[in-house]
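This report covers a structure of which the sequence and model are shown below.

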Amino acid sequence: MKAERKPHHGAGAMADFTVETLAEDALLLRFGDGIDMATNARVHATAKVLRHANLSGISDIAPAYATLLVRFDPLAWDGDTVGETIIKTLDPGFRRDDEQKPSKRDVSRVVEIPVCYGDECGPDIDAVAEHAGLSREKVIARHAAAEYTVAMLGFAPGFPYLLGLDAALHVPRRATPRTRVPAGSVAIGGAQTGIYPRELPGGWHLIGRTPLALFDPARKPPCLLAPGDRVRFRAIDADEFAWFADRDT
Amino acid sequence: MTIEVIKSGLLTTLQDAGRPGFAHLGIGRAGAFDAPALRIANALCSNPRDACALEITLLGSTLHFHDDAWIAITGAPIPLRIDGVERPTWAPVFAAAGSTVELGVMRSGCRSYLAVHGGFDVAPVLGSRSTDVNAQLGPLAGRPLRAGDELKTQVVASMASNPVNWRLDPRPWFPEEPVATLRLLPGSHFDRLKETSRKLLFSEPFVVQQDSNRVGLRLSGPKLEFGQPVEMVSEGCVPGILQLPPSGQPIAFGPECPVSGGYPRIGQVAAVDIARLAQRRPGDALRFTPCTFDDALRALRDRERALVRLETGIAARLTA
């Protein structure tokens, strides 16, 4: 018994991936096995092309760190056919000229997220500072200085896993996870940083909180962030936090 | 028309065919765990196949109907009483205005479906009326029913009010089986299991644990081990995945499973058998038998044809 794995080594930066059959209605395109920016960027580039191609019968195109999940209607399609269609769609030789030119929408957007760091908004900031051997102010400055990429959303609706954390701020997860992390908490877990869209249990270190709603099912789109977006954090004080919170309720 | 919840039952949720299209935002599909049972209940109420119905778990609800309604129960066998009188399941049944519909304790299986003519009228959330309890998403803010809830149904042309004298044979759709043998497709990390574990996966029974739910069925059986530890980062997940955490005890994913996960996948329950997975209750046993993707897809499409035939037949009977 063996999972079907079809290597595809075509031309172009995106084309080098394997197609793994996950289920009767799901394929996993694999670009790598680890967490790194370059692999993740290829996942997002591929997702973008497949979304624009608007292939019929495909319902979900969901990026993860190094893989892209594709779900389709198993009554209309089989995995082999979908896999071949995807390969053709991604192969520059099969694409029409107008699809090869980079357009404005191919440039990922930058979303600025205001964060109230430390104190009750970020109860673990001193623990992070101690681990990093930095002052609290330096931790804030370094966290807010970086530009991050939304590698994927998961864990809960709208929870972004962000790549790009300053190596000095990498901190192992808490020994004992919290049963309740407040909505909007900005946290560090290992080499990643993320934002809790609602109150959830969690083992990451809480360094701040954003007043923005990461997820609202009544909003279009429901999530503040999409896979592949770039993110910057901006430090705000408690007054500005309250102003945002008032505005959004 | 209005239906009042008197007793919620153990875990009763509003479900339709699910919420596709949002996996990239970390949002799963949810939807009826036993999808054919939902479709048949809807067919018996002259509803579209994906209309919203109740998914009932182990212990039934008690509902007060303020208006006349046609209802149908499918899925696991459960006693149905209307104003104290026993009524058939797997058939359209009339509940008069003012009547109390009482569902008892399931004799076997784990999930029953109650559809009402017109379907439950709740506002769709991201295109679906399915409840995702784990993600707190869907109608009723993603929570199960509770006593005091008032549910509305869509007002549609009423069904013929003549009582029917037939009921469907549930056996093709709810096999009474002490041990369910589920077809298992190869998972990405199956080959990484020790040879002894690969054999045990198919030779030994697994028992469904108490802490199982719509996220997944936690199974207890022989300890399964990898030759070398599998290091992996979070990857896409779908219902039916048989995941092996470090405990060595597998978890079979259900409709509320996370959209991504970082534990190895040793198998994938064939889509055609997910309805039977849905009907395993804590304490029930199941076995796995190997299956190819081609055979699994053929079985799924055969079942779809049988379902469509059944739906067409029911529609013909209801309009006769």
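## Chain B overall

Of the 320 residues in chain B, 52% are buried. The model is predicted. Chain B holds 4 helices and 20 strands.

The C-alpha atoms of chain B fill a box of roughly 65 × 35 × 30 Å along the principal axes. The radius of gyration of chain B is 20 Å. That agrees with a compact globule, because a chain of 320 residues would then have a value near 20 Å.

## The barrel

Chain B contains a closed barrel of 7 strands. The order is E12-E19-E16-E17-E14-E13-E20, and the pairing is mixed. From one strand to the next, the twist averages 40 degrees.

Strands of a sheet pair through backbone hydrogen bonds, either parallel or antiparallel. Which way do strands E14 and E17 of chain B run? They run antiparallel. Strand E14 of chain B spans residues 216-220, and strand E17 of chain B spans residues 251-253. The two are joined by 3 bridges. Across this pairing, B:Leu217 stands opposite B:Ala252.

## Contact between chains B and A

How many residues does each chain give to the contact? Chain B gives 35 residues and chain A gives 42 residues. On the chain B side, two or more residues come from each of strand E15 (235-236) and helix H4 (293-319). Helix H4 of chain B gives the most, with 6 residues.

The residues on the chain B side divide by type. There are 21 nonpolar, 10 polar and 4 charged residues on the side that touches chain A.

## Domains of chain A

Chain A is divided into domain 1, residues 5-100, and domain 2, residues 110-247. The centres of these two domains of chain A, taken over C-alpha atoms, are separated by 30 Å.

Where the domains of chain A meet, 7 residues of domain 1 are in contact with 6 residues of domain 2.

Terms used: Residues numbered from 1 in each chain as written. Chains lettered and ligands numbered in written order. Predicted model: local features only at pLDDT ≥ 70, side-chain atom pairs only at ≥ 80, totals over all residues. Pairing = 2+ DSSP bridges. Axes fitted to C-alpha atoms, helices over the stretch in contact; angles between N-to-C directions. Rg over C-alpha atoms; globule rule 2.2 N^0.38 Å. Buried ≥ 20, exposed ≤ 12 C-beta atoms within 10 Å, placed from the backbone. Contact = placed C-beta atoms within 7 Å. Nonpolar A, V, L, I, M, F, W, Y, C, P; charged D, E, K, R; others polar. Domains from an automatic or database assignment.
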